[in-house]
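Here is a short briefing on one protein model. Please keep the sequence and the 3D view open while reading.

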Amino acid sequence: MYGRNELIARYIKLRTGKTRTRKQVSSHIQVLARKRVREYQAGIKAMNLDQVSKDKALQTVANLSSAQIVSASVMKPQTPFPPPVRFWPSPIPGQPGHSQDIKPFAQPYSTLAAPVPTPINYEPLPTPRPAAIAAPVWQDRTIASEKLRLLEYSAFLETQREPDTYKHLFVHIGQSNPGYSDPVLESVDVRQIYDKFPEKKGGLKELYEKGPHNAFFLVKFWADLSSDVEEGSGAFYGVSSQYSGTENITISVSTKVCSFGKQVVEKVETEYARMEGGKYMFRIHRSPMCEYMINFIHKLKHLPEKYMMNSVLENFTILQVVSNRETQETLLCIAFVFEVSTSEHGAQYHVYRLVKD
């Protein structure tokens with residue numbers, strides 16, 4: 001589970017009690033998308049724009065997926081003049097919007113503002129940083145709160161074969177450098193995954209209610225278990241992570257492994273800040289994986305079919321909480337859910353922001 005359509009289906013089930021398959025959700029999104037495209041095309045053609053601007057706007061829509069079209073922000077005219085007119089509300093072009101909300105209109109199409117006069121043709125300038133946005137560009141587009149940002153995360157198997165070292169990545173989040181033209185993270189209602197994590201003290205529900213809410217994220221991993229690395233006595237299972245922060249503090253990193261919503265093991269690590277390039281960096285390098293996780297991976301890899309692996313992973317989650325060791329303030333809280341990768345490109349992932357509407 002936990003692809004976009006699975007999340008929508010899960011939300012519908014929780015809110016209405018009605019069961020919808022991901023194919024039903026996908027079909028409905030495509031129907032909505034075709035309807036929105038027709039309305040959008042009619043609106044563009046009715047506006048007093050030059051032909052080049054019309055063609056550019058229509059071509060932009062043609063390049064979008066059905067999910068992007070239905071989402072609440074992407075379909076606004078991409079023209080080189082100030083955007084006082086919005087087809088539906090959005091602060092950032094290309095924003096995927098909320099997965100659980102498939103109603104893209106905040107107001108009827110007929111109530112839109114009057115057409116904008118024909119603009120003067122000129123070469124569009126590079127997209128500037130919006131003046132009204134005080135947050136850094138990466139804060140709404142990566143795993144980051146106001147005080148801490150996850151730069152990289154990986155779980156791996158490493159073996160030594162003289163003279164070389166072989167490394168296989170089970171999961172990996174690499175460093176990225178987003179721009180303001182990149183989409184912001186999609187949102188998922190945190191209540192949809194409460195049952196996947198402990199409910200008692202220190203659980204996801206209590207942490208979220210404590211806040212801050214902008215520090216909570218969901219990561220869906222498609223883990224690569226197709227390792228051809230020989231596991232001998234020299235095999236090393238490890239986890240590495242890297243963060244950047246705004247304050248010279250000591251962080252505490254708690255990683256809880258959960259099965260059927262119950263905690264089975266927890267690892268707590270401490271890391272101190274190092275000033276690098278004007279930022280405070282925190283690195284947890286080659287932290288040994290716990291015995292429970294190593295055995296779990298061994299057993300998972302020996303299941304004969306991937307659907308069996310996914311059935312097991314459906315009830316397996318990890319909750320990582322990064323906090324200020326002195327004040328106990330939550331800096332980042334990341335809920336990890338898993339499925340087996342079928343991609344020839346190895347491990348994949350998708351990040352969502354956790355919200356409570």
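In what order do the 5 strands of the open sheet stand? The order is 2-1-5-9-8, and the pairing is antiparallel. Keep in mind that this is a predicted model.

**The open sheet**

- Strand 2 (164-173) and strand 8 (274-276) stand at the edges of the sheet. Each has a single partner strand, so one side of each is left without a neighbour in the sheet.
- From one strand to the next, the twist averages 30 degrees.
- Strand 1 and strand 5 (residues 236-245) run antiparallel and are joined by 10 bridges.
- Within strand 5, G238 is the residue that stands opposite F156.
- As a general point, strands of a sheet pair through backbone hydrogen bonds, in either a parallel or an antiparallel way.

**Salt bridges**

- The structure contains 11 salt bridges. In general, side chains of opposite charge can pair when their charged atoms come close.
- One of them joins the side chains of K147 and E329, at 3.1 Å from N to O. This pair links distant parts of the chain, 182 residues apart. K147 sits in the loop between helix 4 (66-70) and strand 1 (148-161). E329 sits in the loop between strand 10 (316-324) and strand 11 (330-340).
- K147 is partly exposed, at 29% relative accessibility. E329 is also partly exposed, with a relative accessible area of 26%.
- K147 and E329 belong to a network of salt bridges that includes E247.
- Another salt bridge brings together the side chains of R286 and E158, at 2.5 Å from N to O. R286 lies in strand 9 (residues 279-288) and E158 in strand 1, so this pair ties together parts that are 128 residues apart in sequence.
- Is E158 buried or exposed? E158 counts as buried because its relative accessibility is 16%, and the cut-off for buried is under 20%.
- R283 is partly exposed at 33% relative accessible area. E276 is partly exposed at 32% relative accessibility.

**Nonpolar cores**

- Which residues touch the most other members of the largest nonpolar core? They are I143 and Y243, in a core of 41 residues.
- Strand 11 supplies the largest share of this core, with 6 residues.
- Neighbours within four places in sequence aside, the contacts of I143 are L148, R149, L150, I173, F217, V219, L332, I334 and V351.
- Another core, of 21 residues, lies apart from the largest one. Its members include Y194, L207, V321 and C333.

**A loop residue: N214**

- Where is N214 found? It is in the loop between helix 5 (204-210) and strand 4 (216-223).
- N214 counts as partly exposed, at 24% relative accessibility.
- N214 and R353 are 139 residues apart in sequence, yet 7.8 Å apart in space, C-alpha to C-alpha.
- N214 touches R353, and also Q139, A144, S145 and E146, not counting residues up to four places away in sequence.

Note on methods: Residues are numbered from 1 along each chain as its sequence is written. This is a predicted model: local features need pLDDT of at least 70, side-chain atom pairs count only at pLDDT 80 or more; totals for chains, interfaces and linings use all residues. Side-chain values use heavy atoms; hydrogens and water are left out. A salt bridge is a side-chain nitrogen of Lys or Arg within 4 Å of a carboxyl oxygen of Asp or Glu. Helices (H or I, at least four residues) and strands (E, at least two) are DSSP runs, numbered from the N terminus. Buried means under 20% relative accessible area, exposed over 50%, partly exposed in between (1.4 Å probe, protein chains only). A nonpolar core is a set of buried Ala, Val, Leu, Ile, Met, Phe, Trp, Tyr and Cys residues joined through side-chain atoms within 4.5 Å. Contact means heavy atoms within 4.5 Å. Two strands pair if DSSP finds at least two bridges between them. Axes are lines fitted to C-alpha atoms, for helices over the stretch in contact, and angles run from 0 to 180 degrees between N-to-C directions.
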